[in-house]
Amino acid sequence: MNQNKKTNTIRPILAILFLILLATVLAVGCAIWDDYREKIMSNQKNQLLLNSRILAENMELSVFEYQKNLEFLSSMIQSHDAQELYCAYLEKKNMFESELFLEGAQGEVIKSVQGMNLKKTLLLTQASDRESIWMYEDETSKKYLVFKNQMESGEYFCLAVDEEAYYQQLISRIQIGTNGYIVIKNSEGLILMHPEKEQWGIHVIEGRKTLYPDMDYSSLESMIEEQSKGGEGISEYYSYWWLNADHAKVKKISAYASADIGRDFWTISAVVDYNDFYTPIENGFRRVSLLFIGTMAIFILLSLCVGKLLLDRRRAMQEIVSLRELNERLEEIHQGEEMIAHQQRLQVMGTMTGGIAHEFNNFLTPIMGYSELLMMELPEDSEEYESAREIYEASEKAKDVIRQISALSRRNVETVYKRVSVEKLLNRVMKMMESICPVHVHLEKEFEVKEEYILGNATQINQVLLNICVNAVHAIGKKEGRVKISARCVEREVLEQIPGLEAHRIPEDWSRYLQIDMEDNGCGMDAETLRQIFTPFFTTKKAGEGTGLGLALAEQIVTSHRGYIYAESQMDKGSAFHIFFPVMEKGTEVEVFTQSQSDRLRLVIADDNAKILKMLEKDFARLNLAVATCRTKGELQEILEREHPDVLVIDESMEDGSGIDFCMAVQGKYPEMCKIIMADCFTEEIVEAKQKRIIDWYLAKPVSDTTILEAVRSCRE
């Protein structure tokens with residue numbers, strides 16, 4: 001009995017679930033049907049509208065040709081061979097022209113070429129003050145479009161076009177559905193062309209009400225009112241097939257477009273039976289639905305058959321799943337071991353990179369120091385001075401490269417910004433540009449800066465300017481061209497008036513900006529390309545020739561320097577990039593310490609590299625400033641206890657321990673001593689040490705006497 005109760009309970013639940021499933025399937029099917037029908041109907045309506053639009057364009061062209069021909073022929077009326085010209089024109093009949101005649105102001109025919117007897121019926125369009133289009137007919141009631149051109153004498157020179165032949169050959173042959181056709185009306189609703197000739201020249205509503213008084217025209221009136229506004233569109237409405245004897249009321253689709261006729265327009269309407277579009281869609285969907293239902297029935301039967309087999313294999317599948325899960329766990333363990341090994345290899349590489357960078361900094365310090373000593377001792381116009389300067393500049397570039405290599409071995413490393421001479425920076429960039437510019441590209445410069453300084457990274461700024469220069473060379477191509485770089489200082493107020501920067505809020509922190517302009521006469525850019533040039537991965541170059549990151553990185557670098565960049569360009573005229581960097585306020589250069597100052601200033605420098613210490617001793621001796629040097633913390637401790645120096649400059653990576661740890665250990669014992677750290681790169685630990693007043697300043701290696709004295713002055717200030 002309990003089993004029967006359970007069965008009786010399950011059956012209603014299954015029935016309800018089946019009904020819910022059936023309702024869901026029907027709802028989904030209805031939604032699919034609606035979406036399918038709307039898309040197909042929309043596509044067919046758009047195709048019908050395209051036909052009307054093409055016919056409207058052809059009609060505009062034909063009318064324009066008739067009017068131009070009439071204007072030319074009327075200008076030849078006084079010519080002695082005008083009659084021969086008119087006859088030759090009509091015999092050719094390129095566009096259904098049938099007659100040329102001169103009409104008086106009262107409508108009387110003064111003379112004609114072919115001698116046709118045409119009579120006026122109604123005005124179709126007043127194209128302009130002197131041009132109009134009429135509908136005429138001959139003795140057989142054949143319709144003609146008559147184009148009139150009023151001459152200075154008040155008479156009308158007229159061109160008659162065979163309207164029926166035009167409609168039959170160019171329009172009526174277009175097959176639209178089973179009963180569809182093309183109808184042409186003027187802006188007031190007068191029918192110009194229609195498959196039923198009796199409707200030519202009548203009003204689409206009033207005329208039909210006279211011919212067929214017992215019909216319902218409400219839907220047709222709404223459609224005609226919409227068409228009278230001009231333009232183009234698609235309308236669904238109820239009307240009649242006037243060509244059929246029974247005049248059955250049907251639903252129609254009208255796709256219409258306007259043809260501009262001077263200051264007026266004609267409406268070209270393609271009319272089709274709604275069922276011509278809808279019925280094939282419905283039949284197609286019905287066949288697809290039946291196919292789907294049959295397929296689903298077969299699928300259900302197969303599912304029932306397969307279900308029994310699946311139940312038998314369920315236990316085997318569970319075992320397979322267990323084995324697969326075990327295999328996945330083993331694979332995860334193997335991948336984890338490989339990842340750990342890879343991280344260890346990266347750690348080793350980072351340690352090696354840091355060590356290499358440290359050793360190179362130790363090599364560069366004496367190179368920079370001795371080259372600077374040579375530059376100070378040699379005459380500036382000598383070849384030896386130029387060689388020493390090249391050594392110094394090369395070592396500075398190597399210093400930037402080493403700093404980038406050092407970034408691989410440490411985290412949280414920040415870009416080092418220094419006080420950069422604008423004049424030296426631009427001259428260096430010009431030399432590099434000269435090396436990359438081909439012979440057909442002429443490089444020009446116009447610098448109006450001298451003793452100006454900006455705060456930034458010279459390597460990154462070089463990268464920005466060289467990137468723009470390379471793009472300019474590519475834009476010029478193989479033709480003769482020029483690249484001009486100019487620089488000058490402008491006031492902050494000037495930036496607020498520049499069109500490319502009006503959207504930015506220019507801060508008041510800097511009163512002057514360095515403006516660098518780079519111009520070329522290459523192929524230029526259109527407005528859409530110019531709008532996207534700073535977008536990452538956007539490039540106009542071929543695949544493999546560019547990544548689209550150059551200008552995006554340039555914008556990022558300029559923005560990080562608190563600057564601005566924007567571009568101007570015109571196709572086939574060239575491009576111009578404008579870059580602005582804030583200018584540092586002018587201050588005194590590094591002073592050479594006098595004897596009295598050197599007596600008061602006592603320095604001790606600790607580094608485990610003897611060459612660096614020797615070079616710094618010579619540099620400070622040149623300034624008449626004696627310093628104490630040492631290579632171990634033990635020696636340093638003895639010097640501090642013996643001499644109590646004013647300034648301690650210590651390397652962060654001493655062989656016998658960290659420089660920060662030593663500064664922390666002696667902080668309480670020598671509170672007035674200025675503590676400066678030298679490091680290959682600045683880490684978060686060094687920055688925090690300065691914030692916590694463990695150290696007073698930090699310097700990036702390689703260092704020189706100048707950088708050390710600048711740091712001392714900054715500490716004192």
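Partly exposed describes a residue between buried, under 20% relative accessible area, and exposed, over 50%. The views below come from a predicted model.

**View 1. A salt bridge joins E137 and K119.** The closest N and O atoms of this pair are 3.8 Å apart. K119 counts as partly exposed because its relative accessibility is 48%. E137, at 13%, counts as buried.

**View 2. K148 pairs with E103 in a salt bridge.** Their closest N and O atoms are 2.6 Å apart. The pair links distant parts of the chain. K148 belongs to strand β5 (residues 143-150), and E103 to strand β1 (residues 97-103). The two are 45 residues apart. K148 is buried, with a relative accessible area of 3%. E103 is buried too, at 2% relative accessibility.

**View 3. K209 and E221 form a salt bridge between two helices.** Here the closest N and O atoms are 3.0 Å apart. K209 sits in helix α4 (residues 206-211). E221 sits in helix α5 (residues 218-227), twelve residues apart from K209. K209 is partly exposed, with a relative accessible area of 37%. E221 is partly exposed as well, with 32%. Elsewhere, K45, E236 and K251 are linked in a network of salt bridges. The whole structure holds 26 salt bridges.

**View 4. I253 is buried in strand β10.** The strand covers residues 249-261. I253 counts as buried because its relative accessibility is 0%. Y237 is 16 residues from I253 in sequence. In space, the two are 6.6 Å apart, C-alpha to C-alpha.

**View 5. D162 caps the N-terminal end of helix α3.** A side-chain oxygen of D162 lies 3.3 Å from the backbone nitrogen of E164. Helix α3 covers residues 163-170. Its buried residues include E163, E164, A165, Y166 and Y167.

**View 6. Nonpolar side chains make a surface patch of about 850 Å².** Its members are L290, F292, I293, M296, F299, I300, L301 and L304. F292 is located in helix α6 (residues 274-377). With 49% relative accessibility, F292 counts as partly exposed.

**View 7. D661, E684, E685 and E688 form a negative surface patch.** Helix α17 (residues 684-691) gives the most to this patch, with three residues. D661 lies in helix α16 (residues 659-666). The relative accessibility of D661 is 44%, so D661 counts as partly exposed.

**View 8. D572 has a positive phi in a loop.** The angle is near 65°, and the residue is other than glycine. The loop runs between β17 (564-570) and β18 (574-582). D572 counts as exposed because its relative accessibility is 66%, and exposed means over 50%.

**View 9. H644 also has a positive phi, of about 50°.** H644 is not a glycine. The residue is found in the loop between α15 (633-643) and β21 (647-651). At 43% relative accessibility, H644 counts as partly exposed.

How values were computed: Residues numbered from 1 in each chain as written. Predicted model: local features only at pLDDT ≥ 70, side-chain atom pairs only at ≥ 80, totals over all residues. Heavy atoms only, no water. Patch = residues over 30% accessible without salt bridge, like charges linked within 9 Å, V, L, I, M, F, W, Y side chains within 5 Å. Areas by Shrake-Rupley, 256 points an atom, 1.4 Å probe, with all protein chains shown as cover. Salt bridge = Lys/Arg side-chain N within 4 Å of Asp/Glu carboxyl O. Lys, Arg positive; Asp, Glu negative; His and termini not counted. Charge placed at Lys NZ, Arg CZ, Asp CG, Glu CD. Helix = DSSP H or I, 4+ residues; strand = E, 2+ residues; numbered from the N terminus. Buried < 20%, exposed > 50% of the residue type's maximum accessible area, 1.4 Å probe, protein only. Polar contact = N/O pair within 3.5 Å; in protein donor to acceptor, adjacent residues only side chain to side chain.
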